[in-house]
Amino acid sequence: VYFRLHRRRQRACDVRRANPVSWESPGDLKGHQAARIQGVSRMSQPVNIPKLSKTDLDRLAQSGIDLSMKNRCGSYLQMDQDIVQSECTQEGIEVLSYKKAMEKYDWMKEYAWNVVSPEKDDITKYVAAQKDPKGYVIIAHKGSNNIFPIQACLYLGSEQIQHVHNIIIAEEGAELHIISGCSSGEHVGKGGFHYGVSEFYVKKNAKISFTMIHNWTENIEVYPRSASVVEENGVFLSNYVCMQPVKKVQMYPTATLKGANSVARFSSIVISTPGSYMDLGSRAVLEAPGASAELITRAITKGGTIISRGHINGKVAGTRGHLECKGLILQDGLIYAIPEIEGSVVGTELSHEAAVGKLARDEIEYLMSRGLDENEATATIIRGFLDVKISGLPEALQQQIDASIDVAEKSGF
């Protein structure tokens with residue numbers, strides 16, 4: 001593990017030295033990179049937000065939010081129920097508030113509450129009942145592409161229920177990359193809740209990568225409800241990272257692969273601290289020939305509870321799916337893995353594996369023999385365990401996931 005991480009970091013340094021790129025302006029890019037962002041009509045301006053403490057600003061940064069906007073092409077920022085920013089500078093891509101999108105496009109009503117039912121549970125019923133709905137709509141129009149990701153920040157600063165309804169659409173041939181940073185203020189006490197409904201639509205030959213980083217506090221309860229539909233040759237990448245304390249998270253996103261050769265990949269990296277209850281999972285329904293899904297989870301308990309669910313349903317021949325959950329128990333807590341594979345036809349290939357255990361003492365001692373002290377050896381093994389590289393994920397988003405692991409490592413995991 002140690003040498004694998006070392007080689008990876010060395011390769012990254014070699015690439016940066018051989019290909020120095022400044023991201024300050026499109027003019028700094030060369031060749032195909034410049035061509036890909038010629039549609040940027042203007043550079044994004046820094047986000048102006050109400051005054052926050054340095055600690056809370058750091059918490060935003062740790063959840064992937066770049067207030068300078070140097071490496072972002074668009075931004076949506078909601079603080080409690082106030083929409084602070086909603087814009088995108090990339091040609092062909094729109095970032096709108098939910099309310100504005102419904103007013104601008106009559107056809108948008110066809111996408112609202114289509115893959116997530118408003119009657120699903122008490123959470124969706126609450127969001128659907130709001131007379132003043134909040135949340136964002138991101139539309140990547142046909143053939144558009146963003147080299148810089150769009151950031152969506154949902155910040156909870158007081159004891160209330162924050163509710164959002166988000167719709168994300170990648171039209172035919174479009175490519176859309178989003179980082180969603182969800183955070184709360186350090187002083188938010190009991191009574192802070194986040195209810196989030198998200199609906200994703202990946203059209204023919206389109207791609208969406210959605211990376212959600214949670215950085216809540218130990219009093220916050222979080223209830224995301226999301227689902228996606230992927231059409232022919234479409235790709236949907238969903239990444240979830242939560243390595244900071246939270247009172248409760250309950251989520252079970254579902255991807256329905258309706259088109260031939262469509263792909264869905266879910267990757268989750270979570271750490272549960274004492275007092276945290278995390279009921280997580282993902283589900284993929286394979287409904288077309290050539291459809292494939294991969295559900296990967298890395299879970300660590302330091303005294304909290306993690307329920308890791310996974311379900312792949314192969315409904316037609318020529319489909320493939322793999323589900324994997326690996327857990328580490330660092331302090332007495334609970335990891336409960338529930339992998340399910342369901343096949344109903346000849347010709348679907350599904351597999352799963354699950355493992356829960358502790359750090360191997362011989363691995364720690366081996367690294368100590370190489371000059372690391374026990375804490376360094378332990379951190380190196382844990383980092384290697386969490387080091388999930390996601391195929392097809394833009395480097396900027398992979399770096400953000402790595403940065404979240406860095407923060408957890410510095411705090412001693």
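Which strand is Val202 found in?

Author: Happy to walk you through it. This is a predicted model, where local features need pLDDT of at least 70 and side-chain atom pairs count only at pLDDT 80 or more, while totals for chains, interfaces and linings use all residues. Residues are numbered from 1 along each chain as its sequence is written, and side-chain values use heavy atoms, with hydrogens and water left out.

Val202 is found in strand β8; strands are DSSP runs of E with at least two residues, helices are runs of H or I with at least four, and both are numbered from the N terminus. With a relative accessible area of 1%, Val202 is buried (buried is under 20%, exposed over 50%, partly exposed in between, with a 1.4 Å probe and protein chains only). Beyond its neighbours within four places in sequence, Val202 is in contact (heavy atoms within 4.5 Å) with Ala170, Lys207, Ile208, Val229, Val230, Glu231, Gly234, Val235 and Phe236. Ser262 is 60 residues from Val202 in sequence, and their C-alpha atoms are 9.5 Å apart in space.

Next come the aromatic rings. Rings of Phe, Tyr and Trp (its six-membered ring) pair if their centres lie within 6.5 Å, with planes under 30 degrees apart counted as stacked, over 60 as edge-to-face and the rest as tilted. By this rule there are ten aromatic pairs. Trp107 and Tyr111 make an edge-to-face pair, 5.9 Å centre to centre with 80° between the planes. Trp107 is partly exposed at 29% relative accessibility, whereas Tyr111 is buried at 15%. Phe200 and Phe236 form a tilted pair, because their planes are at 50°, with ring centres 5.1 Å apart. Since Phe200 lies in β8 (residues 193–202) and Phe236 in β11 (residues 235–242), this pair ties together parts that are 36 residues apart in sequence. Phe200 is buried at 3% relative accessibility, and Phe236 is buried too, at 2%. Elsewhere, Tyr105, Trp107, Tyr111 and Tyr201 form one aromatic cluster.

Phe236 leads us on to the core. A nonpolar core is a set of buried Ala, Val, Leu, Ile, Met, Phe, Trp, Tyr and Cys residues joined through side-chain atoms within 4.5 Å. The largest one has 55 residues, and Ile138, Ile150, Leu176, Ile208, Phe236, Tyr240 and Val270 touch the most other members.

The 13 residues of α7 (374–386) reach 18 Å from first C-alpha to last. Ten of those 13 residues are buried, so α7 is largely enclosed by the rest of the structure.

Stepping back, the protein has eight helices and 20 strands, and 53% of its 413 residues are buried.

How values were computed
Expected span 1.5 Å × (residues − 1).
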